[in-house]
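Dear colleague,

Please find below the structure that I am handing over to you.

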Amino acid sequence: MKATGIVRRIDDLGRVVVPKEIRRTLRIREGDPLEIFTDREGEIILKKYSPIGELSQFAKHYAESLAQTLGQIVCIADRDAFIAVSGGRKDLIMKSISKELEEVMNERKPILAQEGSSNYCKITDEDEKAAYQVIWPIICEGDSIGAVIILAKDNKKEFGEVEDKVAASAAGFLARQMEQ
């Protein structure tokens, strides 16, 4: 565990403030859920909770199935990172999402775009380009908890209604899995 040099006291209601610097680094926003663990040495561990992370194994198999069917790259992300990637680009797994993708999720607006168009969204902070992309936020109980992203392997086939509807269906299906 990394020492930060920051010390906080517990108040009379048992609360402790997570310092702003740590919240910013870990992308923890007001209202975000945290899991609380203890270990054998008596340490308390706070971990950012990812509801869709509970489905990571299921999401992996689902992404593989979609990638085989479409012949494209399929990614499933939670609010912070990619939890499942199939069809190529395995380097994206557990990589942080970009602020742009986070905004798409917050705005709950799907995107169907070609590289270079005004609505094209960088999915990571690094230069991850695809000829075409479809992004559908996963909305569960009114909250945006992630996104389904389909990326073109090459520019030979233009994305259209089929890819858009597959991503929409996948996002809806994953949202319903979370509600159960």
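Glu163 is a buried residue, at 3% relative accessible area; buried means under 20% relative accessible area, exposed means over 50%, and partly exposed lies in between (1.4 Å probe, protein chains only). Please note that this is a predicted model, in which local features need pLDDT of at least 70 and side-chain atom pairs count only at pLDDT 80 or more, while totals for chains, interfaces and linings use all residues. Residues are numbered from 1 along each chain as its sequence is written, and side-chain values use heavy atoms, with hydrogens and water left out.

Salt bridges

Side chains of opposite charge can pair when their charged atoms come close. Glu163 has such a partner in Lys157, and the closest N and O atoms of this salt bridge are 2.3 Å apart. The term stands for a side-chain nitrogen of Lys or Arg within 4 Å of a carboxyl oxygen of Asp or Glu. Lys157 is partly exposed, with a relative accessible area of 41%.

How many salt bridges are there by this rule? The count is five. Another of them joins Asp91 to Arg89, with 2.9 Å between the closest N and O atoms. Asp91 is partly exposed at 42% relative accessibility, and Arg89 is partly exposed at 27%.

Lys165 and Glu161 also meet through their side chains in a salt bridge, at 3.9 Å from N to O. Both residues belong to helix α4 (residues 161–179), and because they are four residues apart there, about one helical turn separates them. Lys165 and Glu161 are exposed.

Overall architecture

The protein has four helices and seven strands. Helices (H or I, at least four residues) and strands (E, at least two) are DSSP runs, numbered from the N terminus. Read from the N terminus, the order of elements is α-β-β-α-β-β-α-β-β-β-α.

The C-alpha trace spans about 60 × 35 × 30 Å along its principal axes. Of the 180 residues in the protein, 38% are buried. The accessible surface comes to about 11,100 Å², and carbon and sulfur atoms account for 51% of it; such areas come from the Shrake-Rupley method with a 1.4 Å probe, and for residues only the protein chains shown count as cover. As for contacts (heavy atoms within 4.5 Å), 48% of those between residues at least 6 apart in sequence join residues at least 24 apart.

Gln133 and the cysteines

Gln133 is found in strand β6 (residues 132–140) and is buried, with a relative accessible area of 1%. The side chain of Gln133 reaches the backbone nitrogen of Cys121 at 2.7 Å.

Cys121 is itself buried, at 2% relative accessibility, and Cys75 is buried at 0%.

The loop at Arg108

Arg108 lies in the loop between α3 (99–107) and β5 (111–114) and is partly exposed, at 39% relative accessibility. Apart from neighbours within four places in sequence, Arg108 is in contact with Pro137, Ile139, Gly142, Asp143 and Ser144. One of these, Gly142, is 34 residues away from Arg108 in sequence and 9.9 Å away in space, C-alpha to C-alpha. The side chain of Arg108 reaches the backbone oxygen of Gly142 at 2.4 Å.

A nonpolar patch

Leu34, Ile36, Ile44 and Leu46 form a nonpolar patch on the surface, with about 400 Å² of accessible area together. Patches are made of residues with over 30% relative accessible area and no salt bridge; like charges are joined within 9 Å, and nonpolar side chains (Val, Leu, Ile, Met, Phe, Trp, Tyr) within 5 Å. Strands β1 (34–38) and β2 (44–48) each supply at least two residues of the patch. Leu46, which is found in strand β2, is partly exposed at 45% relative accessibility.

Yours sincerely

Terms used
Polar contact = N/O pair within 3.5 Å; in protein donor to acceptor, adjacent residues only side chain to side chain.
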